[in-house]
Amino acid sequence: MICGRKVIEREQIFVLAFVVKNMLNFAEEYMTDANSYDEEIDEQRIMSAAVSSVLELILKNELTTKQNLCLRMFYVHGKTQTQIARELKISQPTVSRHISTGRDILNKFLGYCVFAVKKANNEWLKSL
């Protein structure tokens, strides 16, 4: 590790950016179309804040160490599954399974987050 904390913070930013990008695409399926550009930006900002607030908890509490490590090596460091397998001394299919399962877990929990934010946002808008 290079400078410990800075590398972890950098990795978290890259993982967060990747996940937020994917979750915003995912969220579009569940969110109604915005009536104006400003509302669309607000929805994205709200969604980004919600996702970032739970992302680290999901990574820490819901993924195994290998899933977390494989996801970071693949998405943050841009390593191939073969390179990851060599470094971790496991098979490539195992790496693939860790990445796939980890991504599924992230999507599941972040999907709950999207649902909760959408519901809270709709209730807030009704109260205006």
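User: How many helices and strands make up the secondary structure of the protein?
Analyst: This is a predicted model, where local features need pLDDT of at least 70, side-chain atom pairs count only at pLDDT 80 or more, and totals for chains, interfaces and linings use all residues. Residues are numbered from 1 along each chain as its sequence is written, and side-chain values use heavy atoms, with hydrogens and water left out. Helices (H or I, at least four residues) and strands (E, at least two) are DSSP runs, numbered from the N terminus. From that end the elements run α-α-α-α-α, and the count is 5 helices and 0 strands.

User: Where does lysine 89 lie, and what is its phi?
Analyst: Most residues other than glycine have a negative phi. Lysine 89 is not a glycine, yet its phi is positive. The residue sits in the loop between helix H4 (81-88) and helix H5 (92-127).

User: Is lysine 89 buried or exposed?
Analyst: Buried means under 20% relative accessible area, exposed over 50%, partly exposed in between (1.4 Å probe, protein chains only). Lysine 89 has a relative accessible area of 74%, so it is exposed.

User: Is leucine 128 buried or exposed?
Analyst: Leucine 128 is in the segment after H5. Its relative accessible area is 69%, so leucine 128 is exposed.

User: What share of the 128 residues is buried?
Analyst: The protein has 128 residues. Buried ones make up 30%.

User: Among contacts between residues at least 6 apart in sequence, what share joins residues at least 24 apart?
Analyst: Contact means heavy atoms within 4.5 Å. The share joining residues at least 24 apart is 67%.
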